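Trainee: Could you take me through this model, one question at a time?

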Amino acid sequence: MLELLGANTGKSLRAAIALEEAKLPFRATMVDLRAGTQRTPAFRALNPGAQVPVLIDRSRPNSPFVMAQSNAIMFYAVDHGASTDD
């Protein structure tokens, strides 16, 4: 299962759109930027840069795969999404 940690930002939105267009099932979790949730030790363990969006892929064996940066998430969606050979 994929989890997208994001906020009400353009970068988070475009990552979510890419996952949706690639037909990848994911759960969106909002990060409260005003409360500073992105600066907590738990969030920084995922992304030391303390920025959203962050994608977590828990379907990988051994440990989850974590990726930050909206452009990287968009490329991930293209590479792992459903084939559209229409």
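Predicted model: local features only at pLDDT ≥ 70, side-chain atom pairs only at ≥ 80, totals over all residues.

**Working through the fold**

Trainee: What is the phi of Asn62?
Mentor: Helices (H or I, at least four residues) and strands (E, at least two) are DSSP runs, numbered from the N terminus. Asn62 sits in the loop between strand 3 and strand 4. Most residues other than glycine have a negative phi. Asn62 has a positive one, near 75°.

Trainee: Ala50 has a positive phi too. Is Ala50 buried or exposed?
Mentor: Ala50 is in the loop between helix 2 and strand 3, with phi near 55°. Its relative accessible area is 11%, so Ala50 is buried.

Trainee: Which peptide bond is cis?
Mentor: Look in the loop between helix 2 (41-46) and strand 3, where Pro53 lies. Most peptide bonds are trans. The cis bond has omega near 5° and runs from Val52 to Pro53.

Trainee: In what order do the four strands lie?
Mentor: Two strands pair if DSSP finds at least two bridges between them. The edges, each pairing on one side only, are strand 2 (26-30) and strand 4 (65-68). The sheet is open and its pairing mixed, in the order 2-1-3-4.

Trainee: By what angle are neighbouring strands turned on average?
Mentor: Axes are lines fitted to C-alpha atoms, for helices over the stretch in contact, and angles run from 0 to 180 degrees between N-to-C directions. For the strands of this sheet, direction is ignored, and the average is 20°.

Trainee: Which residue of strand 2 is the bridge partner of Gly6?
Mentor: Strand 1 (residues 2-6) runs parallel to strand 2, with five bridges. For Gly6, the partner in strand 2 is Met30.

Trainee: And which residue of strand 3 is the bridge partner of Glu3?
Mentor: Strand 1 also pairs with strand 3, antiparallel, over four bridges. Both faces of strand 3 are covered, with Val54 and Ile56 buried on one side and Leu55 and Asp57 on the other. The partner of Glu3 is Ile56.

Trainee: What is the partner of Asp57 in strand 4?
Mentor: Strand 3 and strand 4 are antiparallel, with four bridges. Asp57 pairs with Phe65.

Trainee: At about what angle does helix 1 run to strand 1?
Mentor: Contact means heavy atoms within 4.5 Å. Ser12, in helix 1, touches Leu4, Gly6, Ala7, Val52 and Pro53, not counting residues up to four places away in sequence. Ser12 has 5% relative accessibility, so it counts as buried. Helix 1 (residues 10-21) lies across strand 1, strand 2 and strand 3 (54-57), and its angle to strand 1 is about 160°.

Trainee: What arc do the buried residues of helix 3 cover?
Mentor: The buried ones are Ser70, Ile73, Tyr76 and Ala77. What covers them includes strand 1, helix 1, strand 3 and strand 4. On the other side, Phe75, Val78 and Asp79 are exposed.

Trainee: How are the rings of Phe65 and Tyr76 arranged?
Mentor: Rings of Phe, Tyr and Trp (its six-membered ring) pair if their centres lie within 6.5 Å; planes under 30 degrees apart are stacked, over 60 edge-to-face, the rest tilted. That gives one aromatic pair. The centres are 5.8 Å apart and the planes at 20°, so the pair is stacked.

Trainee: How far from the ring centre of Phe65 is the charged end of Arg60?
Mentor: A charge sits over a ring if NZ of Lys or CZ of Arg is within 6 Å of the ring centre and within 35 degrees of the ring normal. Phe65 has 27% relative accessibility, so it is partly exposed. The charged end of Arg60 sits over its ring, and the distance to the centre is 4.3 Å.

Methods
Residues numbered from 1 in each chain as written. Heavy atoms only, no water. Buried < 20%, exposed > 50% of the residue type's maximum accessible area, 1.4 Å probe, protein only.
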